[in-house]
Amino acid sequence: MALLGGNGAGKTTTISMLLGLLQPSAGTIRLFGEDLAARRHHLLPRMNFSSPYVELPHRLTVRQNLEVFARLYGLLDRAARIKSVIEELELAALTDRRVGTLSAGQKTRVALAKAMLNLPELLLLDEPTASLDPDTADWVRAYLERYQARHGAAILLASHNMGEVERLADHVLMMRQGRIVDAGAPQDLIERYSRQNLEEVFLDIARDRRAGTHPSAGHGETDVLTGGVPPLDRDIGST
Amino acid sequence: MMSDRHPTATPRFRDSTLSRIAAMVLRHFYVLRTSWPRLIEMAYWPTMQMIIWGFFSTFLYAHSSWLANAFGVLISAVMLWDVLFRSQLGFSLSFLEELWSRNLANLFCSPLRPIEHIAALIVMALVRALIGVLPAMLLAIPFYGFSIFSMGLPLGAFFFNLMIMGCGLGLIVSAMILRFGLAAENLAWFLVFMLAPISCVYYPVEILPSWLRVISWSLPSTYVFEGMRAVLFDHVFRWDYFGASVGLNALLMTVGLGIYLYAFALARKRGLLLQVGE
């Protein structure tokens, strides 16, 4: 699932609320069928998070960072799990390097390794390929596809990259000014807005044009959702 | 995003508070272990203080009847003051490390609880205080023939009380940093020095004007330094001072914890956990 919207639409805010880093001003959040506010510390071991805007301690090496977070998540088979993520994310050559000395692409892979330590059932990613070169970004997307396919995890992705969203998400929530203004499968949205791709849909929504109202659409207006999103616990709880 | 999760994929977990506290202590050990300039800096200032005040004491010893009664009083005061200063600094700097590295969101979206984080910071305050003052305490023996360890068990009581007070102040400083961001960082360096004149580190409380004594006696540190002088001059351990210091420290820790948890809740309400440090 992807959150799509312009700057300030509320994507990062939504992810922060799902992580319990930000308290919602109203309403409740249910994850895995449970109330996040009441069961946060019980639910957090089943989730993880990665963002280029949140960094790992620079003075620690890659391995030290993974060791610390493996302990924080209470993993019993730490050594095996750390070895596994190092292999999966091709970090073997970097394990003894301090995180502060790594390139942006390498840091992203390390942050993902940290996010994969506990094999999260729900993985929250805030612009996971921001500032990455196309090759590295493609590698990260392929890795996420493999992870999702192999472990059946739910991935909630906030991104500005339409290609990334079309590739990784089977459901998109379109956001504007803190509200969900439309939702659906990428192809459904493209068809509903009579557009060629998701980027054009994004522009329509960013410019407040409703589905089917574009001059070239030629058919009636469809409903615009205002928060009518399938509850997350329905999707996530079934994984 | 609906699919079948691989049944063998789930790793084995242990929901252990101690394990999470150990993880945070380990995180700071990794930093200290690989940073010898930082270790030297931590021991440098207490050692320099001890040397300066030690020679000054040697001079005064021959010229002051007050000091002639207890040679080590100034050196002990210097070293115990550093226990308080280093504990507060150790707590606050370990907290600041997370902000400087923009790691706070990673920590608090993990199962780490705020209270476990605080416990780890207290352990690090103890470690940093020991690294800071232990070399100075040991060096005073060959330099001046004075061992602070000759105080015996009361030294442990003084150390304990000053360390807890340092952590209480560290909690308040950390809460201010959570609330106001890195703009409040300098509090970590100067807050404790505001208390130095009224803690009566180097002189008895009677020196202060009477109105200031009331404030002075409301600090746990004042009882420690008065207690220290009682041990060195009169060779008695003042249980009343010890009790008062423990009581005031309990109050300080309770208030500090309350302020910190309030600031943390406020940070969650305003989304500061993601923004702070940027």
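**Exercise 1. Work out what share of the contacts in chain B with a separation of 6 or more comes from residues 24 or more positions apart.**

Start with the term: two residues are in contact if their C-beta atoms, placed from the backbone, lie within 7 Å. Counting such pairs in chain B at a separation of 6 or more, residues 24 or more positions apart account for 77%.

A word on the model before going on. It is predicted, so local features need pLDDT of at least 70 and side-chain atom pairs count only at pLDDT 80 or more, while totals for chains, interfaces and linings use all residues. Residues are numbered from 1 along each chain as its sequence is written, and chains are lettered from A and ligands numbered from 1 in the order in which they are written.

**Exercise 2. Describe the make-up of chain B and follow its helix 7.**

Step one: count elements, taking helices (H or I, at least four residues) and strands (E, at least two) as DSSP runs numbered from the N terminus. Chain B has 12 helices and 0 strands.

Step two: look at the extent. The C-alpha trace of chain B spans about 85 × 40 × 35 Å along its principal axes.

Step three: turn to helix 7 (residues 153-180) of chain B. With 28 residues, this helix reaches 41 Å from its first C-alpha to its last, close to the 40 Å expected at 1.5 Å a residue; the expected span is 1.5 Å times one less than the number of residues.

Step four: check burial, where buried means 20 or more other C-beta atoms within 10 Å of a residue's own, exposed 12 or fewer, and partly exposed in between, with C-beta atoms placed from the backbone. Of the 28 residues of helix 7 of chain B, 22 are buried, so this helix is largely enclosed by the rest of the structure. Just after it, Gly181(B) takes a positive phi of about 80 degrees.

**Exercise 3. Trace the sheet of chain A and find its edges.**

Pairing first: two strands pair if DSSP finds at least two bridges between them. The open sheet has 6 strands in the order 4-5-6-1-7-8, with mixed pairing. Strand 4 (47-50) and strand 8 (179-184) stand at the edges with a single partner strand each, so one side of each has no neighbour in the sheet.

Inside the sheet, strand 1 (residues 2-5) and strand 6 (residues 154-159) of chain A pair in the parallel sense over 3 bridges. Here Leu4(A) stands opposite Ser159(A) of strand 6.

**Exercise 4. Find how chain A meets chain B.**

In total, 43 residues of chain A are in contact with 38 residues of chain B. Helix 3 of chain A gives the most to the side that touches chain B, with 5 residues.
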